Each structure stands twice: as structure tokens, then as C-alpha cells.
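User: I would like to learn how to read the features of a structural model. Please take me through them one at a time.

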Amino acid sequence: MKPGKTGVARIIDATQYSMKGLRAAWRFEAAFRQEVLLLLVLLPVLVIAELELSERLLLLMSLLGLLITELLNSAIEAVVDRIGPDFHELSGRAKDIASAAVFIAISLFIVVWVAVLWPL
């Protein structure tokens with residue numbers, strides 16, 4: 001069994017690590033800051049627009065999915081950069097694939113928001 005805290009203490013530690021990660025993403029990742037600001041700008045739409053609950057959730061999930069993907073992309077980039085500054089095909093491939101995931105998340109976000117809000 002893996003050593004470490006269990007129960008509530010583990011949950012508290014995990015939450016603290018998560019908050020540390022969010023602070024690091026905000027501090028060091030411009031794309032993450034832009035996407036958080038996008039979230040803050042679009043949240044009123046979720047409240048004000050006359051939408052079904054399922055539509056509101058779909059819009060919110062597409063936006064949160066973008067943030068999640070950006071966090072994973074940033075984590076992959078940090079690990080690859082930690083390995084070293086020299087170019088390696090696999091390092092480049094990892095970064096490109098992570099970037100492609102963000103591109104797909106952005107595309108999904110746009111398609112969902114347009115599909116739900118276009119008739120309004």
C-alpha cells in the first residue's frame with residue numbers, strides 16, 4: 001500500500017495541492033488566465049439567458065472541459081520542459097498532441113455555444 005495520509009486528511013491535502021496547481025496555472029500560463037476570464041465573462045449568459053437546465057449545464061461543461069484540457073496541456077508542457085531544452089522528437093510530439101487536445105476542446109466549446117445560443 002502506498003504510504004501517506006488517508007481519509008479526511010488525504011482529501012484536505014489533495015485539495016491544497018489542487019489549489020496550488022490552480023495558482024501556478026494562473027501565475028505561469030497566459031492561456032489559462034485568458035480562458036478563466038472567458039469563463040467569468042460568459043457566466044452571466046448562463047444566468048441571464050432563457051435556457052433549460054440541460055442547456056446551461058452543456059454550456060458550462062464545454063467551458064470547464066476547455067479549462068481542464070488547458071490544465072493538462074500545461075502540465076504536459078511543464079514536464080517536457082523539465083526534462084531539458086534540447087529538441088527531441090517525442091517531446092515535440094507530446095507537446096503537439098497536448099496542443100491538439102486544447103484545439104479540439106476550443107472547437108467543441110465554440111460548436112456547443114453556437115448550437116445552444118444561435119436561436120436566441
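User: Which backbone nitrogen does the side chain of N73 reach?

Analyst: This is a predicted model, in which local features need pLDDT of at least 70, side-chain atom pairs count only at pLDDT 80 or more, and totals for chains, interfaces and linings use all residues. Residues are numbered from 1 along each chain as its sequence is written, and side-chain values use heavy atoms, with hydrogens and water left out. A polar contact is a pair of N or O atoms within 3.5 Å; within protein, one must be able to donate a hydrogen and the other to accept it, and residues adjacent in sequence count only if both atoms are side-chain atoms. Here the side chain of N73 reaches the backbone nitrogen of S99 at 3.5 Å.

User: Where is N73 placed, and is N73 buried or exposed?

Analyst: Buried means under 20% relative accessible area, exposed over 50%, and partly exposed in between (1.4 Å probe, protein chains only). N73 lies in helix α3; helices are DSSP runs (H or I, at least four residues) numbered from the N terminus. Because its relative accessible area is 8%, N73 is buried.

User: Which residues does N73 touch, not counting residues up to four places away in sequence?

Analyst: Contact means heavy atoms within 4.5 Å. With residues up to four places away in sequence not counted, N73 touches K95, A98, S99 and V102.

User: Which residues does the UniProt annotation "binding site" cover?

Analyst: UniProt positions are given in the numbering used here, feature names are shortened, and annotations may be inferred rather than shown by experiment. The annotation, from an unreviewed entry, covers E29 and E77. They span 49 residues in sequence, yet no two of their C-alpha atoms are more than 10.6 Å apart, so they gather at one spot.

User: Where are E29 and E77 found?

Analyst: E29 sits in the loop between α1 and α2, whereas E77 belongs to helix α3 (residues 53-83). E29 counts as partly exposed, at 21% relative accessibility, and E77 is also partly exposed, at 24%.

User: What does E29 contact, leaving aside its neighbours within four places in sequence?

Analyst: Leaving those neighbours aside, E29 is in contact with A24, S74 and E77.

How values were computed. Helix = DSSP H or I, 4+ residues; strand = E, 2+ residues; numbered from the N terminus.
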